[in-house]
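Welcome! Take a look at the sequence and the 3D structure below, and then let us walk through some of the features together.

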Amino acid sequence: MNNYEPPIFELSGPGKIGANLPRLDVPQAELPQALLRDDGLPGIPELTETEVTRHFTRISQRNFCIDTGMYPLGSCTMKYNPKVHEEAARLPGFAFAHPMQPEAQSQGALELMYGLQNYLAELSGFDQVSLQPAAGAQGEFTGVLVFRAYHLDRGDTERNEILVPDSAHGTNPATAAMVGMKVVEVKSGPRGNCSIEDLKAKLGPHTAGLMLTNPNTLGLFEQNIQEIARLVHEAGGLMYGDGANFNAILGIVKPRDVGFDFMHYNLHKTFTTPHGGGGPGSGAVGCTKELAPYMPAPVADKDGDRYYFRTPEKSIGRVKSFWGNFGMLVRAWAYIRTLGAAGLKEVSDNAVLNANYIRVRLQHVYPVAYDRTCMHEVVLKGQLKEAPQARTLDIAKRLIDYGFHPPTVYFPISVPEALMIEPTETESKRNLDAFCDAMLKIAQEAAEDINILKNAPTTAPVRRLDEVGAARKPILTYDRARFRELRGEHEHATPDDQLTVPSY
Ligand SMILES: *Cc1c(COP(=O)(O)O)cnc(C)c1O
């Protein structure tokens, strides 16, 4: 490969330096002996500034990102992040605010948090919002903690089960289990919704709550939501709303109105703050007034024209340091203010329209998991009539050659060979068509010569990797000899071969 970029250790050379420090103008002092390492230099690579800049810039250009192309990763809502948010988040008053500054000096930041809490409350119908959790998963963890606190506070001590539908995102059962709950799975019915029969069978005196995503992770609206909520409430349980799919219903459905007691919002999905390599995100949470006393601290509040932080009376405590991921809050606030109420509804209208456009263009070649109008995402199956050897993974890898990030694959696990496509509202018809054309072309290629798919990707910096091996037997330390062996290179002695490489 000619555009191969070696690890930074391979670029190192003894004595190379990237920083120009001023001449020492104070007397030199020896470091205390106790602070010196006895095994010499720590093995940090030695490079010039030019080399460092080029190395990282080259690597950054390998990244597929929303600024370079369409990223139809289902359930992730990879929409475009408007650049005006970056301006807002970088305003010195926000960017340099210190979380330990007194409230009197933080009134602007507090006002923004208070405003955002209210906007999110208005969109969902809830009474109290906390901006603390750093991601959707942490919002879920927070919600289950709040459910537990609520039940225990009422002397209802036997509620230790959380019901989770089989189509749910893995974070739902994981977070419930982290709180110490027993996870009980609820099956899906033939139309891709939660089975009422199975739900009834699993509800009981141990039910702490049901975690439900609506629209669900099959991209389908849970039409029986009000009946589901009634059944759960009658059994003494609470309704947790996984708000990851909020992008489909902004300004159309308020989760509170259909029976949810608590939900998380993924600001990095619905509200266009960057996902940023697994963080920082924001998983703000909202709830009814019955649950408000248990919310995590602090919440922003207002007394006359003074803003302040308040700890709810029976708060579960803190789930994140300081004020949550504040930069994300500024971006989400800017997004909501830019679009306004009508604009937010239009977001959902267009997100749903775009997904259905893709569904209709592709469903005659890629079977749909559930043959009905979808919401903001569509789940297809990579089972091609004309090419039975093709797998969803092959189709996903071939899409890379056509310049698209693959959709979510093999999730939800209840759908075999799932291809879960979420275009979002920020893609133009031209891009949607280019994506559909690529998908149809791939199906045609698969029928003509399956090796085209099996060998993909061919244009990416690396070819198909052993993904299972990488997950099951990861090599986490850099071993130069092994690295070269894997690349089929000969070891030849160069001066910096003596470099010691740290193992982490
Ligand atoms: C993304 C997602 C989550 C988890 O949210 P994070 O912010 O990634 O922690 C939970 N449920 C669903 C349905 C999701 O799509």
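## Terms and model

A residue is called buried when its relative accessible area is under 20%, exposed when that area is over 50%, and partly exposed in between (1.4 Å probe, protein chains only). Helices (H or I, at least four residues) and strands (E, at least two) are DSSP runs, numbered from the N terminus.

This is a predicted model, in which local features need pLDDT of at least 70, side-chain atom pairs count only at pLDDT 80 or more, and totals for chains, interfaces and linings use all residues. Residues are numbered from 1 along each chain as its sequence is written, and side-chain values use heavy atoms, with hydrogens and water left out.

## Domains

The protein chain is assigned domain 1 (8-60), domain 2 (104-339) and domain 3 (467-498); such bounds come from an automatic or database domain assignment. Between the C-alpha centres of domain 2 and domain 3 there are 44 Å.

## Helix α4

Helix α4 covers residues 107-124. The expected span of a helix is 1.5 Å times one less than its number of residues, so the 18 residues of α4 should span 26 Å, and the 26 Å between its end C-alpha atoms agrees. After the helix comes G125, with a positive phi near 85°.

Which residues of α4 are buried? They are A109, L110, L112, M113, G115, L116, Q117, L120, A121, L123 and S124. Their packing partners include β1 (128-130), β8 (299-303) and α9 (326-362), where contact means heavy atoms within 4.5 Å.

## Two threonines with positive phi

T77 lies in the loop between α1 and α2 (84-89). Its phi is near 45°, a positive value in a residue other than glycine. Is T77 buried or exposed? T77 counts as buried because its relative accessibility is 0%.

T272 sits in the loop between β6 and β7 (285-287). T272 is not a glycine either, yet its phi is positive, about 50°. With a relative accessible area of 2%, T272 is buried. Leaving aside neighbours within four places in sequence, T272 is in contact with K79, Y80, N81, P82, H85, L267 and Y335.

## Cis peptide bonds

The bond from A297 to P298 is cis, with omega near -10°, and P298 belongs to the loop between β7 and β8. Another cis bond joins F411 and P412, with omega about -5°; P412 is in the loop between β11 (408-409) and β12 (418-421).

## Residue L36

L36 is located in the segment before α1 (49-62). L36 is partly exposed, because its relative accessible area is 37%.
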